[in-house]
Every structure is written in structure tokens, then in C-alpha cells.
Amino acid sequence: MAHSQALPMRDDVPEPPPLIPVDTENDVRAKLSASWKENSGFYGWLTSTNHKSIAKRYVVTAIIFLILGGIEAAMMRAQLSRPENRFIGPDLYNQIFTMHGSTMMFLFAVPVMEAVGLYLVPLMIGTRNVAFPRLNALGYWMYLGGGVLLYAAFFMNTGPDAGWFSYVPLAGPQYSPGKRVDIWAQMITFTEIAALIGAVEIVTTVFKLRAPGMSLNRIPLFVWAQVITSFMIIFALPAIVVSSTMLATDRLIDTHFFNPAEGGDALLWQHLFWFFGHPEVYIIFLPALGMVSSVVETFTQRRIFGYPAMLLSMVSTAFLGFGLWVHHMFATPLPQLGQSFFTAASSAISIPSGVQIFCWIATIWSGRPRFTTSFMFVIGFFLLFIIGGLTGVMIASVPYDLQVHDTFFIVAHFHYVLIGGAVFPLWAGFYLWFPKLTGRILSERLGKWNFWLFFIGMNVTFFPMHVLGLMGMPRRIYTYPPEMGWGSLNMLSSIGAVLIATSALVFVINVLRSLRGGSPAGDNPWNAPTLEWATSSPPPGYNFLFIPVVEGRDPLWDAPHDELSVVTGLRTDRHEGLVTSIMDAIPEHRYEFKKETILPLLLAVFGGGTIVIAIFTPWGVTIGAILSFVILAAWFWPTISPDHDTPVVWREP
Amino acid sequence: MTASRSRVHHVTRRCAVRLAPLALVACTGFQSALDPKGPRAEAVARLHWTLTAIATVVYVVVIGVLLFALWRAHTRTPVAEEHAYHENPDHAAVMKRGVIIGAVATTVILATFLVVSVSTGSTVAKVGGDKPLRIDVVGHQWWWEVTYRDPIPQNEVKTANEIHVPVGRAVLIKMSSSDVIHSFWAPNLSGKKDLIPGHETITWFRADAAGVYRGQCAEFCGHQHAQMAFFVVAESRLDFEHWLDQQRGEAKRPADSLQQAGERVFLSGPCAMCHTIAGTGAGGNIGPDLTHLASRRTIAAGTLPLTTGNLAGWILDPQTIKPGVKMPPTQIDPQSLQALLAYLGSLK
Amino acid sequence: MKLRPQIVLFVVIALTLVACKREQRRFRETPPAATASNAILMSTLQPGPAVVETGMRNPYEDNAYAVSEGKRLFDQMNCSGCHSHGGGGIGPPLTDDEWIYGSDPQNIFSTIVEGRPNGMPAFRGKIPNYQVWQLVGYVRALGGLQGKAIRTTRDDHMMFKESEQARDKGHPSPTFVPPTSVKQ
């Protein structure tokens, strides 16, 4: 492990080969600005490979999908507000709830968490870009392609209607005619490519591009959360890659993976889907925990208590997250002993969550909390997520789950977990990092309105659903008879949805107002400890004038005399960064980040075109593969400059 | 023969009189997990209250500690400058102890939970009673086919969307699906079990109190998942035997000319393509068996109470009542409709 | 590069129309279509390409849901009893290019409603018109006469033949085949 004393500068190295003459700070700034300047205009927008512009786009796109998903939710609440309502018929209702689930899971929650990571991780670990900038751009375009495909199809009355889980045989060829479910399966293909790209980016960036001195035990918890999440993505997504492909081939070329009469099995789908689907929940939830750590640390002005415990908790959550999938299938024929195993695993996962909650409470206890909007969203997270966690333990029990499985109780449970456990931290993060993204601070007054409306609306909407589930109301029904006695609670729930919508409106107004005339933020408005606050707001294209050197777990708080040591001597005429070792972040190589290019967009167009056209004809695969190959050949065309990857001479301190 | 028929008739009438009010209250909260009427649902309801109590205590304690931490941190005097960002070493020991106590408490509570859950699980898994009544249920989009097996083939009873069971006797249900996955769930009696094509699943329940309990499909199964309900009618053993007796055998012959005309309409029109009425030429097996239609409470899988008016509306325009249902609308002239309704109404 | 907005709009509208038609789920039919076909549609008894022009068109041509409903009815109404999943048995095969009584939608409609000599029963009055049209849509899919995106694919039971989707595009043969020479 690394030591905390100052790391030697280049000057200490005996006889360094002089690559470039020494510049003044202003020279460096001018040169970096020139070399990191990207194409301007619309074309520049299409070719950008800067992690910040891509991540910002990602976040904005994800929020647009959040709003679309929210509109779908509002339509469902309108339909269910009264018994025997005739606002939406079953055909449209089934499409809407499928769209809502698919949008929120695949187009909002996972991408937005990765997007925040793609923006912040390079800043937090002190580097200039993500490891593979062009791949990163490809990831965004694929994600966008998946979203556009889904919504274009929806507006053409081809929205998937078999649920976001697409259980076969209902989603299979016989019971879902037309192209609706094919659209769903291929949308999955798009988003899984995007998610895997994001995961690979984050793992590589964090492991190889950290600022010198940021040994593993000094990585901020948010970055750790992103790394652990990325590993979960890498292990969980192959299951959905396989299953969605099997579904598509069953539907398009008559394979029989899920046809029991020809040796397939309908339950195989459920196993594969939930082997991905359950880790998916933690893929959404873990980055949110990282955000909570950042917010708590910043607004209590206290270092998070129990860093090793927090870290191990996250790692064990990630491991256990893969051992729970069967609790979605307790109503299927399974041996009792096997079910008990999954009960045990499902309840065990609340131990690491508990440890983290206790560590945060301890941090708050010892700190000096400032009740900013961001911090209030974190308190909201505690109040809501613990309810979701406790009902989660209840439904881990097999006999209990058999009563509430597929009822509104489950709907209530996972909205408490996902809104309480992921959206509230995300909003806390927005209020924390918005100044860094834009240079402006969000209004606290509107922020409080945003929080209270959301918090109250969330409880009014979802708490009654617990009761409705126990009163026998199943999920995914578009209507119910008045005699069931579910009407008043459903009406209450729909009123809560209005509050949430109002809160969303307040948030949008707050963002727009602040963008135009918010108070300027400065570099570090909250006196936060991590490296992203060491540069200007918004950060320049090259992130840091000099790569910082890290001397503690909270670099800005631990820096002696409030001054960061820096690395000098990197070339400024090209996109150069520093590759460091995995464990101790000792400099190893210089590294050139690839510059902006149109290739990722072209590959996304041809690769994405392949995926879409394959829905209609197998020729799509052949033609698309050839075109994609041409783009990939250009992409990988060797361009080695003479001094590429010159080793950095480095002496152990 | 006449004696037995009149007895059946008498019993039917008695049942009808007795069950008419039940049909009215049938829907008022008769689908609740918290109003258990059998051992399985009861065990789970008990589990529910236990777990809710534990969860409430845990919630109150954790949030109490959080609020205390906020209050304390908010009100106490600022700490010395040298510990600005790091916890005071004295505090660190307290905090460590606090977190360890919390983690240990969590683990202990979860271990208790596991024991309670698994023991409840094995209780409800054991069929409660000897010689259970065996019923086959097949799920269709969007109705339930119910068969009471009998060693003597002609004693086999087929009905739809309504399961009669004797009070106090365990019922073992063998389930399969003819199309997509459905889930059998009557919350007052027991938790759910999926009906999966290619798999045969089994569930059981016992009704300990007479009554009519509503159940509903709980696995999304397409357009009319919302209106795929059924009723479990728990009645005394005697009433159940009478009911079973009455359900056996062929349909009643039309008693008057109007009913005869109705039978002709049924057999000559599209109805007979999909529905069976035992003892007539109608042998379709696509829709529910209508041999004893008039003895049921509801039509369209619990969507409408069975009245002449509702039946007429259902025959003429099912797609407005239950959009997407496989029953096509039928256009017939008023006289034929009256005759058809009279005939169907006679199929006790 | 400048996209003409009119062209974009046109493409979008065209796609919308195509998809709408293909993906629509029409549940509630207006009464005429829902009527069981009682109208007397006399055909000359002479079989062959000279068929009656009924003046009707299939409201479900190019609709995937209707074709799949037709497939369901084809099984449930026991069409397979004679036509054996379209492969032919007692009745002629429906997956080849020979159409004794014509392959146009209205020809098939008449065949189902009127019946044909040598065994094809008349379903007049037994099936509502719109379901007959759904059957027509499916029978044409069997013969490869519907677009690939419309045709049904494999079903969830034993495969007796390749799926409708896998069949090549049909080229209905105009040759006259007298009913007596139908393979038994």
C-alpha cells in the first residue's frame, strides 16, 4: 500500500529526457485549452469524445426518459383512480405499464447512475478523460438508439405489451403476434451494449488512470460504488444478453428455447431473466449509496465513519445480489429447501445495508449537519429506503411472499426501494453536483418545495399500495370492479401522483431558472473533500491543469496548507494522461486519450441498424455486419506515434 | 328417479335461496389476505402481523437513532479545530460500538425471522387433512376450467370459474395451463401458485368457514388479466354433495317451446362451435362448459353476476364488457335472443 | 447536410400507418362484421379459377393480431382435422401454391362460408364474419401470401411443419385443378 508522504516530482528523477520546454501555468492553460478544444457546432456535438459532454447528454437523455416514464405512470394512476374506469383500454394499458417498467429500468435508472459515474469518476480520481473515449461515445449513441427505437415503436402502436419482464410464453411467438416484443428484445440489446460499455469504461478508468497517490484505500466511496456496480454489470448482463437473444430467435427464426413441447422450458426464461434482473436492482442501488456517502460527508463536514466497513458492505451486497433471483419465483414449482436458501440469502443482504446505514448515522452523529436540500434528500432516503428494506425482508419469507407476490404490496415495496433508495440519493446528488456541472447553484427555496412535495407525494402514492396488496389487488390489472373496495385507496394514490408530478415540475423550473440566473458556484461551494471540487465549475475540457497528487482519503481536506501537489511534465499538445498502478497508483506510463471522431456515431448507426433491421429480415445481420466491420477497421487502424506510451521514470519514494 | 330429481330440485332451490344474499356480499372484501378463512391463509396472516410488528419496532428505533444523531449534531457546540474533518478519537470508540451493536442486532433479528419464516413455510406446505378432495384446474386466457375427477367417468364434473368445496376438508388442486402462465390465488384461503405450460403444479387449501371467496389470476396473462376471477364456494358437506350431484350428468331438456327454440338457436348458431352442453349436439371445447350454466353465480370469469340482462349483454357485445376476450359478439334477432336466454336460464 | 422536414414527416407518417395497420388489436367489431354470415352468397358450382367476385375485401389483410387469431381459430375450429396444420390430408394442403378455388381473400372467404364440393363444410352462420376474415388472413399466411412481418411464427407445441414465417413468398398457381384430382 502507498504511503502518505509527498510523492516526488519529475524534477527528482535523475536526468529526465527533456520532452518539452518548461511552461508557465498560463502557457500550460493556453496549450491545454487549444489541444482539448473540440469541433464546434452540430458536427462537434456528434463527434465529441469528452467524458463530460457525453455524460451530460446521458443525464439529460435519462431525465427525459424519466419524464416520459412518469407520464406513463400518471396515465396508469388516472386509469386506476376509479373502479371500472374507461380512460384507457387493456391493449394500451398493457403497453403503458410495459413501457413504464422498461423505461424506468433500462432507459432511466441504470443509465443515469452510469452517466453520473462517467461524469464524476474521472474528476474524482484526477484524470483527464475516461480510458476509452471513443467507446464511451459509442455507448451513449447505442443507449440513445435503444430509447429512440422503443419510443418510435410505441408511437407507432408497436409498444411492447408483455411486461418489462416479458415472461414467455406470453411474450413468445404464439401469444404476442406482431413486432411488439421484438422491439422490446432489441431495445434490451441496445441498452445492454451501452451498459457494458459504461462498466468497462469505469473499471478501466478507475484501475489504471487514478491520480498518483490514490491507492485503493483512498478511492472515494462513490467511485468504489461505481466500480463494484460495474463489476456487477459485467457479470449480470450476459444473462440478459443470452435470454433476450433466445427470445428474439424464438420469435424470429423459430428456435424452441422456451417451448416445452420441443424440449424448451418456460421457466428457463424466468431463471435467466431474474439472474440478471435481481442484480439489476443493486446495479441501480449501489451507485446511489455512493452518492449518499458523498452527500453525508460534504454536509456533515465529517469523513465517513468506517470506510473499510462501508466498502466491504458494498462488496458483499454485490456478491449476495447474485444469490437472490429465485425470490421472484416462489410461486413456481421449486423444492422447499431450495426456496429456504433464497429466503436466507434475501434476508442476509440486509445486513450489509444495515451496516452502511449505521455508519452514516454515526457520521451524522459526530458531524455538523447543514440542512441543505441535498442533505434533506438524504434524510428522505433514510426514511423511505428503510421502509422498503423492511418490507423486502418480509417478502423474502416464502409463505408471506406467496400471499403478496404480484400484488400492489410488491409495487409499493419496490417503489420504496427504488425511489427511496435510488431516486432520492440521485436528487441529493443533483443538488450537490449541479454547481460543478453548470457553475450555478440551484435555488434552495425551490429545492425545499421540490423535496417536500416529492416526499409527501411519494408516501401518499405508494404507502396505500401496501394495504391494497393485502386487500387482494393484483398487479398489472387495468380495471377492477367497484365491489372490491379498492376505489378510495386507489384514488388517494392517484392524488399522491399529482403531488409527485408537481414536484417534478418544481425541479424542472428550478433547473431552468438556475441555468439562466443562479448564483455562481465557485470551485468548491460546499467545502467538499473530493478531487472534482479542485477544478473550476464547470471543469475545463482537460479537467485539471495539472494532474493532482493525492495525499489522503479526502484529498482536499487532507492536503497540507490547503494546496494540492501536482504532476507536471505531461505533454500539452496532445490528450495525454497518466497510467498508474492498480494497487498504489504509482505512475507507470503516459497515455494518449483518443481525440474526437465521427466513428462511434457511424458504428452506432450501422450496428444499431443491424439490430433494428434484424427484427424484419435476417439480411439485416449480414449487411450490418459487413458495414460495421468497415467502421471497426477504421476504428482500429494502427496510429502509433513515435513516443507513444513513453515509460515514466519513477523511483519508489 | 322422480324422487331423486325432485330432491335435487329442492336442494337447488334451497341453495339458490340461501346463496342469493351470499352472492351479494361475495365481493365485499372477500379477497383479502388479512381475512383468513383457512389454515394456510391464517398462518400467513399471523406471520404478517408478527413481521409488521418487528418491522415497525426496527423502523422506529433506527429512525429514532437517526433523529437523535441529527438533533445532537445540530445542537452541540462545535468541536476543536484539529478534529475538523475527522471524528474525535473518543467519539470513534462510541461510534464503533454503536455500529457493531446495530449490526449484531440486525443479524439476530434476521436469524429469528428466518426461523419463523421457515417454520411457517413448512406448516403451510403440509396438506392439512386426510383424503383431500382432488380438483383439476386448467387456466385459459381468461377463464378457469374446473374438473372434479371421479373414478366413474360419467360422474366427472366440469364447470368453470367456480369451485365448490366442503368446509373443513382439505382440497388438493392439480393445475396446468392451456396457453400462458397464470397464477391461482384466493387470498382468504391460501397463497398463490403458478400455472405453467409444460409443468404440473399442485396447491392445497382448506376452508374452515362457509362462505364465498373471490380469487383472481395473479400472473400477468394478456389483455384480460384484470378480469380473470373465480369464486370458491365453501359449503357444508351435505350442500356440497348435493351440488356435485346436481352438476353431474347431462343438461336438463328444454321444458317449454320457448326453451326448445332457444336450444335450436344454440345448436344452429355459432355458440355450439365453442361451448359444450352435455346431452346435446354442442361439444365445443374452446369456451367454458355450459351444461349447468344457470347454477353459477357469475359469467365471464367473475366479471358480471349471472342475470338474464347481463347474459344478454354478454352474448350480444362481449368485447365492450371484456375487450379482447375470445368470445365473439353474436348478432341475433330479439326473438331468438329471448329464446336463447330462456334456454340458458333453464340449465340449472 | 440538410434534411427536408416534409420528407421526414412523410417517412414518419408512412411508418406510423404501416405499423398501425400491422399492430392494431381490434377487439370490438362494428355490427356488420360481427354478424354471422347468413347472407346467401350463391356461387356457380363450377370449381376453378372462375370465381365469384363478392366485392368484399379483407379488413384484416396485413394485421398480425388478426392473422394470429386466425391461427388460433384454425386449430380450435378443427380445420387441422382435414387440412392437418396446412399440410393437407383429407383436405387439400394449404401451404403450397395450388389454390383450387382461388387465393384471393374473397375466394377463401367464400370457400369457408359456402363450403366446397368433396368435403369442405359450409361455415355459414357458424362463425362471425370477422372471424372468417381472420381465418382468411391466416390461410393466406400459410400460403406465403402475407408479408413476413405479418405471418405467425412457431407455436408453443410440437412442430409439424416449418412455421408460416419461414415459408417462401407464395406464387399462387393459376392452373385449374379439378376437385376430383385432389390428393386424398
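This is a predicted model: local features need pLDDT of at least 70, side-chain atom pairs count only at pLDDT 80 or more; totals for chains, interfaces and linings use all residues.
Chain C is built from helices. Its secondary structure comes to 6 helices and 0 strands. Read from the N terminus, the elements run α-α-α-α-α-α. Chain C has 184 residues, and 38% of them are buried. Among contacts in chain C with a separation of 6 or more, 74% join residues 24 or more positions apart.

Two of the helices in chain C were examined as a pair. Helix α3 (residues 64-76) of chain C packs with helix α6 (residues 129-142) of chain C at an angle of about 95 degrees. Their axes are 7 Å apart. Angles of 65 to 115 degrees count as roughly perpendicular, so α3(C) is roughly perpendicular to α6(C). From α3(C), the contact is made by Ala66(C), Val67(C), Glu69(C), Gly70(C), Lys71(C), Leu73(C) and Phe74(C). From α6(C), the contact is made by Gln131(C), Gln134(C), Leu135(C), Gly137(C), Tyr138(C) and Ala141(C). By class, this contact has 7 nonpolar, 4 polar and 2 charged residues.

Chain B contains sheets. One is an open sheet of 5 strands, in the order β3-β2-β1-β5-β8, with mixed pairing. Strands β3 (157-160) and β8 (201-206) of chain B are its edge strands, and each pairs on one side only. The twist averages 25 degrees from one strand to the next. Within this sheet, β1 (residues 133-140) and β5 (residues 170-177) of chain B pair in the parallel sense over 7 bridges. Val137(B) has Met175(B) in β5(B) as its bridge partner. Strands of a sheet pair through backbone hydrogen bonds, either parallel or antiparallel.

Another open sheet of chain B has 3 strands in the order β4-β10-β9, again with mixed pairing. Strands β4 (162-166) and β9 (211-216) of chain B stand at the edges. Each has a single partner strand, so one side of each is left without a neighbour in the sheet. Here too, the twist averages 25 degrees from one strand to the next. Strand β9(B) runs antiparallel to β10 (residues 229-235) of chain B, and 6 bridges join them. Gly211(B) stands opposite Ala234(B) in β10(B). Helix α4 (residues 237-247) of chain B lies across β4 and β10 of chain B. This helix runs at about 135 degrees to β4(B).

Chains A and B meet through 75 residues of chain A and 73 residues of chain B. On the side of chain A that touches chain B, at least two residues each come from α4 (90-124), α8 (266-300), α10 (336-348), α11 (350-366), α12 (373-396) and α13 (398-404) of chain A. Helix α11(A) gives the largest share, 12 residues. The residues on this side of chain A divide into 44 nonpolar, 22 polar and 9 charged.

Nonpolar cores were then compared. The largest has 295 residues. Those with the most contacts inside it are Ala109(A), Val292(A), Ala428(A) and Val232(B). Helix α4(A) gives the most to this core, with 21 residues. Beyond its neighbours within four places in sequence, Val232(B) is in contact with Ile163(B), Val165(B), Ala186(B), Leu189(B), Ala207(B), Tyr213(B) and Gly215(B).

Notes
Residues are numbered from 1 along each chain as its sequence is written. Chains are lettered from A and ligands numbered from 1 in the order in which they are written. Helices (H or I, at least four residues) and strands (E, at least two) are DSSP runs, numbered from the N terminus. A residue is buried if 20 or more other C-beta atoms lie within 10 Å of its own, exposed if 12 or fewer, and partly exposed in between; C-beta atoms are placed from the backbone. Two residues are in contact if their C-beta atoms, placed from the backbone, lie within 7 Å. Ala, Val, Leu, Ile, Met, Phe, Trp, Tyr, Cys and Pro count as nonpolar, Asp, Glu, Lys and Arg as charged, and the others, Gly among them, as polar. Axes are lines fitted to C-alpha atoms, for helices over the stretch in contact, and angles run from 0 to 180 degrees between N-to-C directions. Angles under 35 degrees count as roughly parallel, over 145 as roughly antiparallel, 65 to 115 as roughly perpendicular and the rest as oblique. Two strands pair if DSSP finds at least two bridges between them. A nonpolar core is a set of buried Ala, Val, Leu, Ile, Met, Phe, Trp, Tyr and Cys residues joined through C-beta atoms within 7 Å.
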